[in-house]
Amino acid sequence: MPNGPASRRTVRAHLTTPDGRRLSYLDFAPAGGRPLLALHGHLGEGAEFADLAAALGADGWRVIAPDQRGHGDSDRARRYDRDGYLEDLRLLLAHLGLDRHPLPVLGHSLGAVNGYHLAASRPGTVSALVNIDGPAALPVVTPVPMSFLLGLPYHAPTREELLAACGTLAPLLENGLRPYGDGWRLGCHPEDMVDSDARVLGDHWSQWSGSDCPALLLHGTASTVLPTAQAREMAARRPRTTLVELDADHWVHLRRPEESATAVRGFLRALQGAG
């Protein structure tokens, strides 16, 4: 967890959803901080925003980073469509008492798509968007891109056995491994990720353009998920959108953490200055 002044704290907590699921989240909270919701992508978890939360905390931001359904410490769900993901976000904001005033939403990939869908469906909820390499359209293909996960075991008796079973995918998955019963499990169930991936494919242009709050689009020019031509079109077609391109792949905030933090802090500071 990030280090900082005594006024900073990081808390792992959870809420129980109406259907009985555990929804876990990290609260990177400086005393009296302004709330910002941070949403990870497929195979991710809230903890990946620890460094960014530390940088934003220096500017007084309280970053709330959930493990979205089926990821990290949050329970698996029956469905992984947009309505399900967004309902979890609404429950979380209500649980924290953060549904009374609009707040910035930052998201990577799947999290970015969920973020701009939230802004389009509930305009009064989101004051600004930070989209980290989240496309407005993804080609509908069969099998879905995450089908490479199928065939992996979800759990194994030891961490070493599970990593060995992951083979060449071990570097991608090892940070999410967790104790599970008498053994270890992956951070996400392969079948859930394929289901979620299938449901995010398609055209989201109307939702990307469906809100008018300020937006920062942070794009990795080596991304295989968001082509640069589409990123530039997204910025051109949506008013009040700033495009920042960095020499990175799809995981921009993890590959270029300092440059990403600088871009996000500058965007948020400009909003405060305008306000």
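Leaving aside its neighbours within four places in sequence, Leu 37 is in contact with Ile 64, Pro 66, Leu 89, Leu 92, Leu 93, Leu 103, Pro 104, Val 105 and Leu 106. These contacts, like everything that follows, are read from a predicted model. Leu 37 belongs to the largest nonpolar core, which has 38 residues, and together with Leu 92 and Leu 129 it touches the most other members of that core. A second, separate core holds 27 residues, among them Phe 49, Ala 55, Ala 65 and Ala 128. In soluble globular proteins, nonpolar side chains tend to be buried together.

Because buried means under 20% relative accessible area, Val 113, at 2% relative accessibility, counts as buried. Once neighbours within four places in sequence are set aside, the residues in contact with Val 113 are Arg 82, Pro 135, Val 200 and His 204. Between Val 113 and Leu 216 there are 103 residues in sequence, while their C-alpha atoms are 13 Å apart in space.

Elsewhere in the chain, three strands form an open sheet in the order 8-10-9, with antiparallel pairing. Its edge strands, each pairing on one side only, are strand 8 (155-156) and strand 9 (178-180). Strand 8 is joined by two bridges to strand 10 (residues 183-185), and these two strands run antiparallel; within this arrangement, Ala 156 has Trp 184 of strand 10 as its bridge partner.

The largest pocket remains to be described, and about 570 Å³ of space lies in it. Its lining consists of 23 residues, of which Leu 43, Glu 48, Leu 172, Asn 175 and Leu 254 lie nearest the centre of the pocket. Helix 5 (170-173) and helix 9 (252-255) each supply at least two residues of this lining, and helix 5 gives the most, with three residues.

Notes. Residues numbered from 1 in each chain as written. Predicted model: local features only at pLDDT ≥ 70, side-chain atom pairs only at ≥ 80, totals over all residues. Heavy atoms only, no water. Pairing = 2+ DSSP bridges. Helix = DSSP H or I, 4+ residues; strand = E, 2+ residues; numbered from the N terminus. Core = buried A, V, L, I, M, F, W, Y, C linked by side-chain atoms within 4.5 Å. Buried < 20%, exposed > 50% of the residue type's maximum accessible area, 1.4 Å probe, protein only. Contact = heavy atoms within 4.5 Å. 1 Å grid on protein atoms, 1.4 Å probe; cavity = no way out; pocket = protein on both sides within 12 Å on 5 of 7 lines; lining within 4 Å. Points joined across faces, edges and corners; volume = space filled by probe spheres on them.
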